[in-house]
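Please look over the sequence and the structure before reading on.

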Amino acid sequence: MTKRTKKKSEKNGEISGFAMFAFGLVFLIAIVLFPCWELFNSRDWVETDAVVESSRKGGYTYPPTISYKYRHENQHYTSTSYNFDSGHSSGLGTVIEQYPQGKYIKCYVNPKNPAAAVMVRGLGNMFWLRVLVPGALIGFGLWEIIATRRKKTGVNKLRND
């Protein structure tokens, strides 16, 4: 390998490592930290009576959905948010039968934005598995950057200082 191709290879390694790291970080913020932030901010949400309008099991091309009506400060609202799992219906298919049409339930309403409500103030059962994908991207990105820089500086094995 010539010096020129070696330099290009090292540069490509750093670029791909940084790209993986950056993509993993953005992914982590979007699908992990944002729902956690919503959950944290929901501590002052008001528990409110609601009634299930409809519940649909879902199918191959559409997710399970529970639609419910509630009232906050004499205004009527409708929501389909089950939890803070990024609007996904994670784990909803297993509980949908517990919410038939007409059932009275409790929901949690954002007093600052009453159109925002959730049935369960929490995250989906499989939510924490989402940490694996961005975590792996961040880890592999850092590994690629470190490995490339170690090659560049000529450090090929761990030092025992």
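The sections below treat the overall fold, the sheet, the cores, the salt bridges and selected residues.

## Basis of the model

The model is predicted: local features need pLDDT of at least 70, and side-chain atom pairs count only at pLDDT 80 or more, while totals for chains, interfaces and linings use all residues. Residues are numbered from 1 along each chain as its sequence is written, and side-chain values use heavy atoms, with hydrogens and water left out.

## Overall fold

The protein chain contains 2 helices and 5 strands. Here helices (H or I, at least four residues) and strands (E, at least two) are DSSP runs, numbered from the N terminus. Read from the N terminus, the order of elements is α-β-β-β-β-β-α.

Of the 161 residues in the protein chain, 31% are buried. Buried means under 20% relative accessible area, exposed means over 50%, and partly exposed lies in between (1.4 Å probe, protein chains only). Among contacts in the protein chain with a separation of 6 or more, 70% involve residues 24 or more positions apart; a contact means heavy atoms within 4.5 Å.

## The sheet

The 5 strands form an open sheet with antiparallel pairing, in the order S3-S2-S1-S4-S5. Two strands pair if DSSP finds at least two bridges between them. S3 and strand S5 (117-118) stand at the edges with a single partner strand each, so one side of each has no neighbour in the sheet.

S1 and S2 are joined in the antiparallel sense over 6 bridges.

## Nonpolar cores

A nonpolar core is a set of buried Ala, Val, Leu, Ile, Met, Phe, Trp, Tyr and Cys residues joined through side-chain atoms within 4.5 Å. The largest such core has 14 residues, and those touching the most other members are Ile66, Tyr68, Tyr70, Tyr99, Ile105, Cys107 and Met119. At least two residues of this core come from each of strand S1 (46-56), strand S2 (65-72) and strand S4 (104-109). Another core, of 10 residues, lies apart from it and includes Leu28, Val32, Trp45 and Ile138. In soluble globular proteins, nonpolar side chains tend to be buried together.

Once residues up to four places away in sequence are set aside, Met119 touches Ile66, Tyr68, Ser81, Tyr82, Tyr99, Ile105, Lys106, Cys107 and Tyr108. Cys107 is buried, at 0% relative accessibility, whereas Cys36 is partly exposed, with a relative accessible area of 22%. The number of disulfides is 0, where a disulfide is a pair of cysteine sulfur atoms within 2.5 Å.

## Salt bridges

There are 4 salt bridges, each defined as a side-chain nitrogen of Lys or Arg within 4 Å of a carboxyl oxygen of Asp or Glu. One of them joins Asp49 and Lys106 (2.5 Å, N to O). This pair links distant parts of the chain, with Asp49 in strand S1 and Lys106 in strand S4, 57 residues apart. Asp49 is exposed, with a relative accessible area of 54%, while Lys106 is partly exposed at 42%.

A salt bridge also connects Lys69 and Glu53 (3.9 Å, N to O). Lys69 lies in strand S2 and Glu53 in strand S1, 16 residues apart. Both are partly exposed: Lys69 at 41% relative accessibility and Glu53 at 29%. Glu97 and Lys57 form a further salt bridge (3.0 Å, N to O). Glu97 is in the loop between strand S3 (75-79) and S4, and Lys57 is in the loop between S1 and S2, 40 residues apart. Both Glu97 and Lys57 are exposed.

## Selected residues

Ser79 belongs to strand S3 and is buried, with a relative accessible area of 6%. A polar atom of the Ser79 side chain lies 3.1 Å from the backbone nitrogen of Ser81. The Ser79 side chain also reaches the backbone oxygen of Ala117 at 3.3 Å. Apart from its neighbours within four places in sequence, Ser79 is in contact with Ile66, Ser67, Tyr68, Tyr70 and Ala117.

Phe18 is located in helix H1 (residues 3-41) and is exposed, with a relative accessible area of 53%. Its C-alpha atom and that of Trp143, 125 residues apart along the chain, are separated by 9.9 Å.

Definitions and conventions:
Polar contact = N/O pair within 3.5 Å; in protein donor to acceptor, adjacent residues only side chain to side chain.
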